[in-house]
Every structure is written in structure tokens, then in C-alpha cells.
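Welcome! Please take a look at the structure below, and then let us walk through some of its spaces and its surface together.

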Amino acid sequence: MSRRTARRLTVATAFAAGPFAAVAAAGDWVFEPVVLKDDTVAGIGLVDGITDLALNDNGNWAIAVNTSFPDTFANSVVLIDGAVYYREGDPVPGVLDTGLNGFGQLSLDDTGKLASDLYTWPLSGGFNAEIVHWGGHELFRSGDNAPATSYGQGALWASFSQVLNNSSNQILLHASVDDPNTAAVYDQGLHLMTLDDAGSVLVDVLMSKTGDNVTTASGATQSVESIHGGPHSKAISENGICMWLVDASGPAAFEISALINGTPVVQEGGPSPLLGRTWKDLSYAPLDINSKADWVIQGKLSGDSATEHLIAVNGQKLVQSGDPVPGVPGATILNFSQTAPLQIDEGGQVLWIGTWLDGGLRNGLFIDHEPLVVEGLTTFEGATFIDVYAFQDGFAMAPDGTRILFRGVLDDGRNGVFSATLEAGVEVLAGCSGNPMTLTVSAPPALGQSIVFDAAGSDFAIEASSLFLSALPVIPGSPCGVPLGVAGELLVALSPAPLQVPMVGSPGSLALTVPALPALAGADLYAQGASVNLGGGLDLLRLTNGLRLCLGE
């Protein structure tokens, strides 16, 4: 299993969600195979390769696979939770007189709506076309009219580069347009659209298009020449915040900018998180953004080539080439894949893939500074992962960060897509000098479930007991706490202030229900009981052991 690194939830939210809101995420992961090479696709053939994957917060997944079906015009399918949804050569679901010739990048929302740009052909005469397909509805087709309010009269959709969706019935659409009102052969536009359940456009916001002005890091105002077409160079959050790359005219050293809702946040030639070094290259830079507007981007820096690769979160360094590889003693990061995804979850944790040298190139998937899957080290069912894919669509994380799909190969021959899911768990924190009382919990804390804490072992005749729930241990990274003499060892942090919940009885019992809030999944909570002497005297306090509670699904 792997650990998650800490994310912070504010104490203020604790009063809205109960005592489980002021927590830090660090759950344990369970691996399972999802789709493997040579699995059977009923009525078609055996899985021969994986080309794309997506998943949502509810655990639904979409995976594009090639099969052994002998007709290469009908051998590729998209599976949703194991059932065939798209198949090359078949009619497009919900679209009349249209056969499927290929599919683009997949995006899956929490209601199960799949979005993709499709390559199609007519079943009864007509022309081949690209269409935007969302939730079983055709939204747009190449050759149809594009919005005149965005491009002028007579503009037509020419092609579609990418469509991403979220769980608010929104899509982020990157399209090329044939606009007779401009001199360009094709214009490009990036649209944020809000849809009804039938696929009708309720709101269309043109976020960016060629010809727009952008102020580059040089201070000059330049024209946008293109919206970057990298596979992971655009992102939409669950509440419609968008991030993307544009290429501007002018000197190459200041060409590419990353924008959030139109505002530049990272630019070639502009300052980086490291003093004295600028962003040198953002070509095909993977990026992502969450609903709190936390963002992540990867690029190259000016200066020392051995440390030029950087992943930054909200403008601050997360990890850099030359840094130690998390969980791999003696190894240092060589670089990061430019084509692989880079994702940030709703809690602000980042899923990234890094490469290093260890008798050859090695890859590993990491969450912040903790390993998830490391080639040559991570095991599953007695086998070791020998390959973790560091390429386009090699992995995907659900927005809430509790589920991950990744492509990997085990040394027993299993090759395909695996899932990693957070599970609930309990770890006893004994400290280093022992405590006079004990604290137990009835079950691992899963969302929506009731659990009971019991404290025992106090020697006070009359007492009042409380449970303290903290976001952190008192000494992060250490098994030891703070000795308090005969009272025992303090094991939970007092800053930020823990929540104190009175217990019933002597020494005390407490029943709590874990709120069914997706934001809490994968979180860690640190608990410790305390009894106060009400019978008089100078001996006032007894402490229990601590518990690390990993909140799971």
C-alpha cells in the first residue's frame, strides 16, 4: 500500500461538517486490475492495447481499447464500466445515420456522461464529419454553423481538437472555425458551454480565440496565434474554472502563456518560483485546475539543465529535477514526461509521474511527495510493477482524489489498466513512553458510517473525559509525542486547535457518524482521549494512546 501526503482542510469547515472536517489527507491505497491485455470483450475479441482512460468520483470508468477483431475498421471500442459504449463501424449512440470511425480523448462526469470528439461517416450517403458527442447527444458537427456572436456571419465549425466535461453540465471545447470574416485559413476558439440534459446550449462563453491580445512576460501586447493543442494543456474544474495555454506572436522566448479564465499566471520569460530563474519552455506543458482555483503546471526553467524541469502549484515549487525521488533512496529525479497528465484534486494534492536513472530509466507515480506506484518496488498480489506508463493518457485521477486509474505492467505478465482506491483504516499511535489509558474505535471510519470510540484505564474516581480530534500529530513525521509526566504522552497537535468532543460515562464512550462528504474521503484524522480528575488533588490528567484514522469510501 501507499500513503497519501497531507492536505489541509480549514478548521472553519469543521463546524459545517462535524468533527471530521478539520483533517489532513493521507489514506491507504488498494490496487485492483480493471482491464488487462487478453481480457475478453464479449462478441468482439481480446483486448490488444489501451489507448485512453477516464473516471469520475463515483468510480465509473471509461477505457478505450484495441481488440483482436480482424477488421481494423471495427476493432476499437470504448468500455464504460466493462460494457461496450462506442465501437468503430457501429452507429454512434443517439445520433441518426452516423457511423463511428474513431474517437478522441475521453472525459467522464459524475453522472456518467461521456464527452469526446468523434470521427464519423454517413450510413446512407453524405460526407464524413467530426462531431462533438456528450451524454449520448450530438452537440456540433463539422460543416455546421458556428456561433455568429463569436465569429461573425457565415462561420462554420471546421474541426474539433478536444472536449472536456465536468459534473456541472459544462464542456470546454477547443475547435477550429472557417470564418469568412477573417484572413486566417482557420481560426481557433475555446468555448465554455453550459448545457441542459438534452444537450442544448444554455450559455456559451468564448474564453479565448486566435487574434485576442495577451500581454506577455516581456511587457508587450501580442496577438494569440493559436490555442495550444497539447493533450493535457487545457483543463476545466468541477465548477467551470478553466486553464489553458496560448501561443502568442513576438519573440519565441516569450511565446507561450498559461491563462486562468483569461488571466496569465505562468509565462515563458516570466519569473518562476525559483529566484533568478525564469520559465524557459512551456511547450505542451501539462496543467490542471480544481474548483478552488488551485492550479498545477509543469515546464522547463532557464539556467542549470540538470534542474530545469519543474512542477509548480499555485506559483510555488512542488518538485524539481535533481530532487530526491520520493521513496527511492539515493535516486534523484531526471525529468517529467511532457505528454503524460498532471492532475490536482479538490484537496489540492497533485498526481504526477517522474523519471530517474537506476540501471536504466525508471518511472513512478507520486501524490505530492509520496510514492503511489514505483517501477521495481511496488508489488501487487505477489508481483512487482516493472512498467508504469509515462505517456499521454497513462493515468487519470477522479476530481475528489479518492480513485486513480493507471497503466502498468507486472513482472508476472499482467499488462493493462489498474485502479488504486483509498480504503478506510486505523493505526494505533503508541508514542515512545506509553500512556496510562487506552483508546479504541469500533471500526475503520468510512464515509456515512457510525463508529464508537471507547476510552479505558483511568485511575480517577470522579472524572470527565473528552475526545480530541486534530488535523495533525503533535510532532509530524515522528512516532513520539510530548511527555507530560504521569499524565502520559501528548500525541495530537494543539495547533491548529483540535476539536474537543465530550465523552459519555467514565472513563468515556462516544458515538460519531462520519459525514458522507466526498471531500473527506482519503483524509487522516488524529484522535486522542483525555480524562480530567474531578475528585480533587494535584494529579489532574490522564491520556490515552492516539489513533490515526484514515477516512475511506
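## A surface valine

V203 is partly exposed, with a relative accessible area of 42% (partly exposed lies between buried, under 20%, and exposed, over 50%, with a 1.4 Å probe and protein chains only). V203 belongs to strand β16, residues 201-209 (strands are DSSP runs of E of at least two residues, numbered from the N terminus).

## About the model

This is a predicted model, where local features need pLDDT of at least 70 and side-chain atom pairs count only at pLDDT 80 or more, while totals for chains, interfaces and linings use all residues. Residues are numbered from 1 along each chain as its sequence is written, and side-chain values use heavy atoms, leaving out hydrogens and water.

## The largest cavity

How many cavities of 30 Å³ or more does the structure hold? There are three (a cavity is a set of points on a 1 Å grid over the protein atoms alone where a 1.4 Å probe fits but cannot get out; lining residues have an atom within 4 Å of a point). The largest has about 620 Å³ of space (a volume is the space filled by probe spheres set on the points, which are joined across faces, edges and corners).

Its lining counts 37 residues, and S107, L164, D288, Q343 and M397 lie nearest the centre. Elements giving two or more residues to this lining include β4 (45-55) and β13 (156-165).

## The second largest cavity

The second largest cavity has a volume of about 60 Å³. Among its lining residues are D281, H309 and F336. Strand β25 (residues 295-301) gives the largest share of this lining, three residues.

How values were computed: Helices (H or I, at least four residues) and strands (E, at least two) are DSSP runs, numbered from the N terminus. On a 1 Å grid over the protein atoms alone, a cavity is a set of points where a 1.4 Å probe fits but cannot get out, and a pocket is an open set with protein on both sides within 12 Å along at least five of seven lines; lining residues have an atom within 4 Å of a point.
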